[in-house]
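Trainee: I have a new structure open on my screen. Can you walk me through what to look at?

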Amino acid sequence: MAMVGLFWIVEGDVYVGAKPSGLAPGVRLTPEGVLALGERQSGLHLWEDVRELTVTGAPVKSLKRQVGLVRDLAVDMVTNLALPIGPSQTDQGPASMTVRVASSGGDHELTAYAAAAVGYSPAEVDLSHTILSRLTEGAATLATTLAAMSEWGRTREDEGTPRAAERERLLREWVG
C-alpha cells in the first residue's frame, strides 16, 4: 500500500484519501465508477454519468501545520501524564476531505479521510486534481489512467509510500 498524491493505492485498488476500514467513510475509484464507502454514504456513481470529480479540504503541507501537529502531540502527552483519564487531543482522527461528484443524477458530496498526517505537498494536490479531471474526460483516458495507477500498485505491493520526488514523478506520468 502506498500514498501518491491524494490517492491511496492498495494492490490494484485506488482510493481518494485513505483506504477506509470498518464503517469509516471513503471513496474508491473503480473501472465502473466512483464507489462511496462507509456508514453514512454508499452507492456507485458510474463514470458514464460523472461530469466532474473534485476534492476540497485536502490538507496542504506547511510549516505552520507541522508545528501545530508537534504542539498538539506535546500537549496531549503532558495532559495524559497529568490526567491519564482525560480526553486526548490527538484522538480527533484524521482530517477529512470532500469528494464532489457532479453527475447527470445530481451533485453528491462524499467524505474521505486524508492519508497524509501533516498534509500533502501543493504540487501533489495540483497534480491529483488534474488526474481527477482527466478521469472524467472519456472512457479511453479513464481506462488508461486508472489501469496505470492500479498496475503500479500491484507491482509495488509491499514497498510502501515512495519519497516526494518519486510521488510527483508518478503523478506527472499518470497525467500523461
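Mentor: We'll go from the overall layout to the sheet, a helix, the core and a few single residues. Keep in mind that this is a predicted model.

Trainee: How many helices and strands are in the chain?

Mentor: The chain has four helices and nine strands. Along the sequence, the pattern reads β-β-β-β-β-β-β-α-β-β-α-α-α.

Trainee: And what share of the residues counts as buried?

Mentor: Of the chain's 176 residues, 39% count as buried. Look at the contacts too. Among those with a separation of 6 or more, 59% are between residues 24 or more positions apart.

Trainee: Now the sheet. What order do the strands of the six-stranded sheet have?

Mentor: The order is β1-β2-β3-β4-β5-β6. The sheet is open, and the pairing is antiparallel.

Trainee: Which strands stand at the edges?

Mentor: Those are β1 and β6 (43-46). Each has a single partner strand, so one side of each is left without a neighbour in the sheet. From one strand to the next, the twist averages 30°.

Trainee: What holds strands together in general?

Mentor: Strands of a sheet pair through backbone hydrogen bonds, parallel or antiparallel.

Trainee: Show me one pair. How many bridges are there between β3 and β4?

Mentor: Three bridges, in the antiparallel sense. Strand β3 covers residues 13-16 and strand β4 covers residues 26-29. Find Val-14: Leu-29 in β4 stands opposite.

Trainee: Which strands does α2 touch?

Mentor: α2 packs on the sheet and touches β1, β2, β3 and β4. Its direction makes about 70° with that of β2. α3 also packs on the sheet, touching β1, β2, β3 and β4. For α3, the angle with the direction of β2 is about 55°.

Trainee: Next, α4. How far apart are its end C-alpha atoms?

Mentor: They are 17 Å apart. Helix α4 has 12 residues, 164-175. At 1.5 Å a residue, it should span 16 Å, so the two values agree.

Trainee: Which residues of α4 are buried?

Mentor: Arg-167, Leu-170, Leu-171, Trp-174 and Val-175. Look down the axis of α4: the buried residues fall within an arc of 140°, so they line one face of the helix.

Trainee: What do they pack against?

Mentor: Against β1 (2-4), β2 (7-10), α2 (122-134) and α3 (139-155). Just after α4 comes Gly-176, with a positive phi of about 100°.

Trainee: Which residues touch the most other members in the largest nonpolar core?

Mentor: Phe-7, Val-16, Leu-29, Val-34, Tyr-120 and Trp-174. That core has 41 residues. Take Val-16 as an example. Leaving out residues up to four places away in sequence, Val-16 touches residues including Leu-6, Phe-7, Leu-29, Met-97 and Leu-132.

Trainee: Switching topic. Is Ser-103 buried or exposed?

Mentor: Ser-103 is buried: the relative accessible area is 5%, and the cut-off for buried is under 20%. Ser-103 is in strand β8 (residues 96-103). Beyond neighbours within four places in sequence, Ser-103 is in contact with Asp-49, Val-50, Arg-51 and His-108.

Trainee: Last one. Where is Glu-11?

Mentor: In the loop between β2 and β3. Glu-11 is partly exposed, with a relative accessible area of 41%.

Trainee: What is the phi of Glu-11?

Mentor: Near 55°, a positive value in a residue other than glycine. Most residues other than glycine have a negative phi.

Key:
Residues numbered from 1 in each chain as written. Predicted model: local features only at pLDDT ≥ 70, side-chain atom pairs only at ≥ 80, totals over all residues. Heavy atoms only, no water. Core = buried A, V, L, I, M, F, W, Y, C linked by side-chain atoms within 4.5 Å. Buried < 20%, exposed > 50% of the residue type's maximum accessible area, 1.4 Å probe, protein only. Contact = heavy atoms within 4.5 Å. Helix = DSSP H or I, 4+ residues; strand = E, 2+ residues; numbered from the N terminus. Expected span 1.5 Å × (residues − 1). Arc of directions from axis to C-beta. Pairing = 2+ DSSP bridges. Axes fitted to C-alpha atoms, helices over the stretch in contact; angles between N-to-C directions.
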